[in-house]
Amino acid sequence: MNFAYLSILVFSPLLGIIALLFVPKAKESVIKTVGFLATLPALVLSLMAYFQYRSGSSLERLDEMVNWIQFGNPNRLGELFSIKYELGVDGFSLIMLVLTAILSTLAAIASMYIKKEWKGYFMLFLLLEVGMLGVFAAENLILFFIFFEITLIPTFFLIGKWGYFEKEKAAFSFLIYNGLGSAVLLIVIMVLFARTGTSNIEALTSILAADSSSLVLSEGGKMGLLIAMLIAFGVKLPIFPLHSWMVRVHVQASPSVVMLHAGILLKIGAYGIIRFGMGIFPEQFQDLAVLIAVLGVVNLLYGAFLALVQTDFKMVLAYSSISHMGIVLIGLGALNEAGIQGAIFQVVSHGLIAALLFFLVGVFYERLQTSNIPNLGGLAKGMPITAGFLLAGAMASLGMPGMSGFVSEFMAFLGLFREMPVLAAVGALGIILTAVYLLRAVLGITYGKAHREFAGITDLRKAEWVPALVLLGIIVLIGVYPSVLTEPLTSTLETIMLGIGG
Amino acid sequence: MENAWIIPLFPLLSFLFLIFFGKRLKEASAYIGILLSLASFVYSLLVLFERFTSPTHKAESVWLTIGDVQLTAGFEVNQLNALMLVIVSLVSFLVHTYSKGYMHGDERFHVYYAYLGLFTFAMLGLVLSPNLLQTYIFWELVGLGSFLLIGFYFYKEEAKKAAKKAFIMTRIGDVGLLIGMILLFWQVGSFEYDEIFAAVEAGAVSSTMITLTAILIFIGAVGKSGQFPLHTWLPDAMEGPTPVSALIHAATMVAAGVYLVASLFPLFTASETALMTVAIIGAFTAIFAASIGLVQKDIKRVLAYSTVSQLGYMMLALGSAGYVAGVFHLMTHAFFKALLFLAAGSVIHAVHTQDIEKMGGLWKKLRVTGPLFLIGTLAISGVPLFSGFFSKDEILIAAWAHGNTVLFWLAVIAAFFTAFYMFRLFFMVFSGESRSDMKHVKESPSVMTVPMMVLAILAVVAGYVNTPWFGTFLGDWLTEGNPALGHGHIEGPSWIMIVATVVSLLGIFLAWLIYSKRSLSRDWLGASTLYTILYNKYYIDELYELTVLKVTKGLSLILRFIETFIVEGIVKGVSGAVSGLGHLGSRFQSGQIQRYGAVAFVGLAILIVVFAVTGGYLK
């Protein structure tokens, strides 16, 4: 395509930050408009890239490479350690870019609920978007890591400043866990870099694939690095028992931040495991497949059982996220085409569904100042449209066919049943439990007797229709016509399958 | 027939249109729903007629690609599908029409019609599915429609509970179906019915696997068709509007389980164990539910248990290799049970109560509904010349011919029960004097009575498509060109028909003695233990409450304990370690220049030593 397409895409939200510098602090509506508009260039560019790819143009034309940092002693080793600025996308990361751009725009709309210090909020918000876009566009582990860190800092402040009552505690546990995860990840990246002299993902993959006689890294070393990587990304995903920070964040952060957090940030964990874990260490990953599948089932059931006894709807959704990330692991543990495709589908699908549900949490929290299920009830009377969207979101989440959740769940289980039928059958219990806890929560909110008067409570406003309708629309689109995802994913899947020799 | 895929799209259109624009149309929404469901019905009739002369039509295209595997979606019109299309679209059309009167004045009128459209779409999609995956997709969607309509009166606590229960109980079954279907897929490499049957016939699937998958799939059918032990949701589902009970919980969706087993008939016949399971569950459910129906006091609950029981009959038929008998009874039952529910709705519409203890003497007041209800009652009781007589007879013969003697006698007793409780219901509602002050009892408008009349005619004549006297057209047509489905007609001893007749007349007579003539005490069971057990439905709900629910809840609490103490403990450990390290580090920041200098010196010394040893370069 043209020069620096991806760079422009990734850094376009910076324009908004610069523009915001010139807007007075108190001009709420101007700030919100600028913040919203600043998310649009990335959205347009990523959608354009997606449609061009669908119509057959190659993604390699988007690759960018600039020499960046070089160091080392040229006399002693004869070569330099060089870190390049490399951006590029494959089908999977392109989809993640589109997802990020869409959710960022919608979360910017949902940021209308932010009550104070809009300027600081939107500057951090846009910086976060740069980080997320960069994570998916980086072709180089070190660059990936830098963008990964860029997401951490704004998120920390966004949680800690604009959240609910225990926001500071949540922000700190977010920082500690993710900081530790980052540290582990940094070690992995540095070891790989030192051993191979490159941090380019493709180069690393081919070097390690050719390294059958363990010259570069010993077998144990590879396994160690993979496990370290799984822990680093497992914090993010989160994998049981590394999840408690994430529950706090889900409950304490403001809905627009959680939309991005549950929708994108958690997915970086899955992205990392698939792209780096499975991509760079395919053989070792195979050895761990059973463990990963077991962890997946544990996540699925553990999250579901805990979601069953929560009274705060946000807690239900938080544990439901843990449960649904179990399906990603289940798919990956299956290590066949159906499973991996299911896992990737689940990443996208859960991103959309979680964003929809948390947006709706914001909608009724704004009006009723509570998300505690026993205090709610009969909401369908006062807010029939919101209630309808909530039910639709719950249906998507529990895997109703015709929506994206079904396709991903189905493929993940299809994959696992081939490899480990007994484990899969145990996991299938999760399908029932998901229905139980979601219906319990959603019907508790919208059905039954109303506990309070709904006089003066308005149903969905115009601006609120946009995120709800767009998200539901995409969820249904993927559910009815999954080719929108399968086709871009074909080449990525082929590469992965080639790696694991399947 | 090439365009049969259009049939489900009419109600889908109705759903989408009404959900978006229905609010403005108010009760005019009904016309859209009625017209579009009529379009489906007309089209289905055309397809059925075409199917008489032309062969099965199937068309598919790729839906989902997984590596080299391509999963397809499409539609198929074979005999069973074509017949089901007509049954579903007809009953749906009649219920659409009837609802215009029944739901009159409801403020969510358009939502009701939208949901009806969604359900009809899903049900028609289900019967057109050419493969298991697509069947599963629509299978879940009909469940969604049913859930929405049961919970239509969302502000009622009971409706909320019933909707939730229906969804979850059927989902338990659905997981069985899902597992069975996936296991079968990895054996056969396809979800297509044809290929599954071909693989089974060729012996490509081990017999253990056939039995396992067939039984798992049957669990799905058990959930959907309200068979024991997953039956408890169906009577509770009566919380929905009555026309919905007629459409979903009598005529169409609950019969989907039977339809599923019928669709996969060659798979089931390949395993004697699986067939036997189906037959035993069916026969047991038939008598079990019928016995509960003997003592219930809610008009719709009696009908609900009767539905459960009749579905059990159909399962018994299929489990006894009586493909034709099962499908035949499915059809006649759809007509007479829909009739009974609509008539019950008409009664409820008139007297505003569902308690039969409070009714009575309505024969004189409801001059149209009364006779129509009677026709339905006669048909379900198996009185000769009505449709239920022929189809039930066919089932009994199938059970006998297959050698299931015990099950056969169970079915005969259940038939006796059926005749008894149905006429108990009839006499309690229509004969004698009113047992509470019923003023303003008015017959329903013709928009409600005409659909009932259509069903009443069908409840009488539908049996004649397959009789031992005039020919077994239905059976011959259904099994034509497909020997795997068995014979079009199974010969049985003629005394079976006589026994069935005697039993049903005996049941009616006994009910008449007790509830109309009052020669016997109405409290014939009194306050006996048996009565209490039956009235409380064998305490199945309570049993589940005590076991499944308690266990789940207990597990959740245990895990919450783990979460609070162990996982959070790790959190404390981690944050403790971090802050501990911080404290340790802060001790070095004492502000004493001498200490900083000492540390720097030691560090430098170590570096120099290392460089000296390694020759100046770290490798």
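Mentor: Two strands pair if DSSP finds at least two bridges between them. Strands themselves are DSSP runs of E, at least two residues, and helices are runs of H or I, at least four, both numbered from the N terminus. This is a predicted model, where local features need pLDDT of at least 70, side-chain atom pairs count only at pLDDT 80 or more, and totals for chains, interfaces and linings use all residues. Residues are numbered from 1 along each chain as its sequence is written, with chains lettered from A and ligands numbered from 1 in the order in which they are written.

Trainee: Which residue in the hairpin of strand 1 and strand 2 of chain B takes a positive phi?

Mentor: B:Gly67, near 60°. The hairpin has two residues between the strands.

Trainee: In what sense do strand 1 and strand 2 of chain B pair?

Mentor: Antiparallel, over nine bridges. Strand 1 covers residues 57-66 of chain B and strand 2 covers 69-77. B:Val62 stands opposite B:Thr72 of strand 2.

Trainee: Switching to helices. At what angle do helix 18 and helix 21 of chain B cross?

Mentor: Roughly 35°, with the axes coming within 8 Å. Axes are lines fitted to C-alpha atoms, for helices over the stretch in contact, and angles run from 0 to 180 degrees between N-to-C directions. The crossing is right-handed, meaning the near helix is turned clockwise from the far one by less than a right angle.

Trainee: Which residues meet there?

Mentor: From helix 18 of chain B, B:Phe416, B:Phe420 and B:Arg424 are among them. Helix 21 of chain B supplies several, including B:Leu506, B:Gly507 and B:Trp512. Contact requires C-beta atoms, placed from the backbone, within 7 Å. The residues of this contact divide into 17 nonpolar, three polar and one charged. Ala, Val, Leu, Ile, Met, Phe, Trp, Tyr, Cys and Pro count as nonpolar, Asp, Glu, Lys and Arg as charged, and the others, Gly among them, as polar.

Trainee: And helix 9 with helix 12 in chain A, how do they cross?

Mentor: At roughly 65°, axes within 9 Å. That crossing is right-handed. A:Lys222, A:Met223 and A:Leu226 of helix 9 meet A:Gln284, A:Phe285 and A:Leu288 of helix 12. The classes are four nonpolar, one polar and one charged.

Trainee: How many residues of chain A are in contact with chain B?

Mentor: 42, against 39 residues of chain B. Helix 18 of chain A gives the largest share of the chain A side, ten residues. By class, that side has 29 nonpolar, eight polar and five charged residues.

How values were computed
Two residues are in contact if their C-beta atoms, placed from the backbone, lie within 7 Å.
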